[in-house]
Amino acid sequence: MEERYTKGFPVSWEQLHRDARALAWRLAGMGPWNGVIAVTRGGLVPTAIVARELELRMIDTICVTSYDWKDQGGIEILKGIEGDGEGLLIVDDLVDTGQTASLVRDMLPKAHFATVYAKPAGRPMVDTFITEVSQDTWIYFPWDMELQFVQPIVQATPPG
C-alpha cells in the first residue's frame with residue numbers, strides 16, 4: 001500500500017454484491033436508461049449486478065487504464081463510446097481522485113455517473129454513490145485478494 005494510503009478497507013464478494021444492489025435500488029427510479037456502460041475493469045462486476053437488477057440488456061464498456069496494482073498513474077483511453085451519453089448510465093466500482101471520472105464525464109457529459117464507493121476528492125464527479133471512504137483508504141476489492149492469515153489489529157498497529 002502506497003504511503004498516501006494509511007488505511008485498508010477489504011471488500012468481500014458478498015459485501016460488493018450488497019453494495020452494488022443498493023446502488024441499483026438508488027438508481028431504479030432515476031431512469032429510464034437506454035443502456036449501461038461499465039468503466040473497465042473495476043466497473044465490470046458492479047455493472048453486471050446493476051444491469052441485472054434494473055433489467056438492462058444494452059451493456060457496453062469504456063476501457064480506461066489509470067492504476068497499476070497499487071499506484072495511480074497516467075490515464076489512457078483504450079476504448080471510448082460515441083455520442084454524448086444521453087440516456088446512458090455509467091457504472092464504476094470507485095471514484096478516487098476523480099481523474100478517470102472527469103475524463104469519462106468529458107466523453108459522455110449527459111450520462112448519469114454512478115459508483116459503488118466514493119472518496120472525497122472524486123465524489124463531486126459522480127451523480128450517485130453508495131459508500132464514502134476516506135481519501136487515505138485503499139479499497140481491497142475481492143478480485144484482487146485471496147484468503148490468508150492477517151495479524152490482529154492491535155498486533156499489526158504500531159503503539160502510540
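**Contacts and cores**

Modeller: Start with L23: setting aside neighbours within four places in sequence, it is in contact with V50, V91, A114, T115, V116, T128, F129 and I130. Contact here means heavy atoms within 4.5 Å. This is a predicted model, in which local features need pLDDT of at least 70 and side-chain atom pairs count only at pLDDT 80 or more, while totals for chains, interfaces and linings use all residues. Residues are numbered from 1 along each chain as its sequence is written, and side-chain values use heavy atoms, with hydrogens and water left out.

Colleague: Which residues touch the most other members of the largest nonpolar core?

Modeller: They are L23, L27, V50, L89, Y117 and I139, out of 20 residues in that core. A nonpolar core is a set of buried Ala, Val, Leu, Ile, Met, Phe, Trp, Tyr and Cys residues joined through side-chain atoms within 4.5 Å. Buried means under 20% relative accessible area, exposed means over 50%, and partly exposed is in between, using a 1.4 Å probe and protein chains only. Two or more residues each come from α1, α2, β5 and β6 (112-118), and α1 gives the most, with four. A second, separate core has 16 residues, among them I62, L88, V104 and A111. In soluble globular proteins, nonpolar side chains tend to be buried together.

Colleague: What makes a stretch a helix or a strand?

Modeller: Both are DSSP runs numbered from the N terminus: helices are H or I over at least four residues, and strands are E over at least two.

**Strand β2 and its ends**

Colleague: How do you know that β2 is mostly covered?

Modeller: Six of the six residues in β2 (35-40) are buried. On one side these are G35, I37 and V39, and on the other V36, A38 and T40, which leaves both faces covered. In a regular strand the side chains alternate between the two faces of the sheet.

Colleague: What makes β2 and β5 a pair?

Modeller: Two strands pair if DSSP finds at least two bridges between them. Four bridges join β2 to β5 (residues 88-95), and the two run parallel. Within that pairing, G35 stands opposite L88.

Colleague: Why is T47 called buried?

Modeller: T47 has 2% relative accessibility, which is under the 20% limit, so it counts as buried. This residue is in helix α2 and, beyond its neighbours within four places in sequence, is in contact with V36, I37, A38, I59 and V91.

Colleague: And why is E55 called exposed?

Modeller: The value for E55 is 67%, over the 50% limit, so the label is exposed. E55 lies in the loop between α2 and β3 (59-67), and its phi is positive, about 55°, although it is not a glycine.

Colleague: What makes G83 exposed?

Modeller: Its relative accessible area is 55%, which is also over 50%, so G83 counts as exposed. G83 is in the loop between β4 (72-79) and β5 and, apart from neighbours within four places in sequence, is in contact with M107 and L108.

Colleague: How do you know that the buried residues of α3 are on the same side?

Modeller: In α3 (residues 99-107), T100, A101, V104, R105 and M107 are buried. Their arc, taken from the directions from the helix axis to the C-beta atoms, is only 155°, which puts them on the same side of α3.

**Aromatic rings**

Colleague: Why is the pair F141 and W143 called stacked?

Modeller: Rings of Phe, Tyr and Trp (its six-membered ring) pair if their centres lie within 6.5 Å; planes under 30 degrees apart count as stacked, over 60 as edge-to-face and the rest as tilted. The centres of F141 and W143 are 4.9 Å apart and their planes are at 0°, so the pair is stacked. F141 is buried at 5% relative accessibility, whereas W143, at 30%, is partly exposed. The count comes to five aromatic pairs, and ring pairs link F9, W13, Y117, F141 and W143 into a cluster.
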